[in-house]
Structure formats: structure tokens, C-alpha cells
Amino acid sequence: MPDNRISLGQGILKGLALTIKHFISRPIITVQYPEERLVTSRRIRGCDLVWDSERCTACCTCAKSCPQGNIHIETKVRPDNTREAVVFEIDHGRSMFCGLCVESCPFDAIHMGRSYERATYNRDSLVIPKEKLVAQGDRQPSGYFRPQFEETLPPQSLLIYGGKSSEVKTPENPPPQSPATAAPVSEKKEPAEREKVGVK
Ligand code: SF4
Ligand code: SF4
């Protein structure tokens, strides 16, 4: 008859050995959020959108592309016959962050953001006007559909690059800000052409 005390002891030893093996050989993937944060994917579709007022021609393509009707734009014609977005606001509370508005913009003027912390007690505060849609603070463009930003962003922690020590954000090690004004990859839309498109 087998001695159950011996087999029980072997199981405990095996479990301890496995624990020690992982403790020594695997990177620690738990971080002390929110003091520590992992670096997200360069192509993250975060919980916000970033708008570039300089590049926008108020063509409204993004608004037409949004399946939710989240983007509200009102335009006026300038004396030089180009258009300006006098109202440009996005209801982030209704957005499903599908990225269709980003993909449809002919002038690389709207981008997915990198932030994933937009919790609020008030839904009205999720309707973001144009003054707050521009890149500022933690509202920075992601590399999603924008390879010109992707090249400037830090590698993602853990999942695809492995290792985390240099990629965990702490107050002493803040994430680099991606340049919101980086030149677009597509050169097919020159400023003169952009102005033409704004003319109806
Ligand atoms: S599609 Fe692009 S250029 Fe046109 S209104 Fe939207 S953000 Fe501006
Ligand atoms: S990400 Fe999708 S749902 Fe959100 S505003 Fe853009 S098109 Fe609309």
C-alpha cells in the first residue's frame, strides 16, 4: 500500500520547485498600478481621439465615416474660400474606438490616442470640444494607422518585446511624448490641395 504522506510531500516539493523556477527565470509581470504602468502597444486604440487643428480642412469625412454619429462639426468659409471648423467635438462616451474616423481622414488630422484612463462621473464631460482634442498632456497620438508616430513611440512592455524593467512608467521615468506634429507619411495631400478640398 503506497504511503500517502510520501506522495503528498513530493507534490509540495514539485510545486515549490516550480514556484522558485518561475521566481528566478521569468520576469515579474505584476506592476504596482497606478504608481507603475506598463507601456502600451504602439498601435493602441486608446480611449480618446487626438485632433490636429493645423491639418484639418473641415471636410467632415471623419464625421460621415463614424457609424455612431459621434463627431459633430460646424464649419464656416474663410475669406480665402477655405473652410474652418468652428465647432469640432467628439462624444467619447458613445465612441466604440473603432478607428474608422482615423482611417478615413484624408489629411492625417485625427488620430487614435494612447490613453486608457478616461473614467468620469459625468457623461457630459466625455463630449470633448476642439480646444481639448488637440495633443496635450497624456492626450497623445498612437501609431494606429499612423506609422509616422509609431516610429517615435517606446516599445510595448512584456507582451511582444519581453522584459519590462526599462519600459515601466513611473513618475521618475515618464513616457516620451510622441510628436503630434510629425510629418505625415502620405504626401499625396499637399497644403494647397488641402485648401482646395475645403472649398465647396
Ligand atoms: S476627415 Fe480629417 S480633415 Fe476632414 S474634418 Fe475630419 S479631421 Fe478634419
Ligand atoms: S473611433 Fe469609431 S465610433 Fe469613435 S468617433 Fe471614430 S468612427 Fe466614431
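Reader: What should I know about the numbering and the model before we start?
Author: Residues are numbered from 1 along each chain as its sequence is written, while chains are lettered from A and ligands numbered from 1 in the order in which they are written. This is a predicted model, where local features need pLDDT of at least 70, side-chain atom pairs count only at pLDDT 80 or more, and totals for chains, interfaces and linings use all residues.

Reader: Why is tyrosine 144 called buried?
Author: A residue is buried if 20 or more other C-beta atoms, placed from the backbone, lie within 10 Å of its own, exposed if 12 or fewer, and partly exposed in between. Tyrosine 144 has 22 C-beta neighbours inside 10 Å, so tyrosine 144 counts as buried. Tyrosine 144 sits in the loop between α4 (130–133) and α5 (147–150). Buried residues make up 23% of the 200 residues in the protein.

Reader: What does tyrosine 144 touch, leaving out residues up to four places away in sequence?
Author: Its partners are Arg43, Ile44, Arg45, Gly99, Val102 and Met112; a contact means C-beta atoms, placed from the backbone, within 7 Å.

Reader: What makes a set of residues a nonpolar core, and how many residues has the largest one?
Author: The members are buried Ala, Val, Leu, Ile, Met, Phe, Trp, Tyr and Cys residues joined through C-beta atoms within 7 Å. The largest such core has 22 residues, and those with the most contacts inside it are Leu49, Trp51, Cys101, Cys105 and Ile110. At least two residues of this core come from each of β1 (49–51), β2 (71–77), β3 (83–91), α3 (100–104) and β4 (110–112). Beyond its neighbours within four places in sequence, leucine 49 contacts Ile90, Ile110, His111, Met112, Gly113 and Leu133.

Reader: How do you know which elements are helices and strands, and how many of each are there?
Author: Both are DSSP runs numbered from the N terminus: helices are H or I with at least four residues, strands are E with at least two. The protein has six helices and five strands.

Reader: What makes β2 and β3 a pair?
Author: Two strands pair if DSSP finds at least two bridges between them. Seven bridges join β2 to β3, which run antiparallel. Threonine 75 has alanine 85 in β3 as its bridge partner, and histidine 72 has glutamate 89. An open sheet of three strands has the order β2-β3-β5, with antiparallel pairing.

Reader: Where is the pLDDT under 50?
Author: pLDDT is the predictor's confidence in each residue, from 0 to 100. One such stretch is residues 178–200. Where pLDDT is low, the predicted coordinates should not be read in detail. The mean pLDDT of the protein is 82, with 75% of its residues at 70 or more.

Terms used: Contact = placed C-beta atoms within 7 Å.
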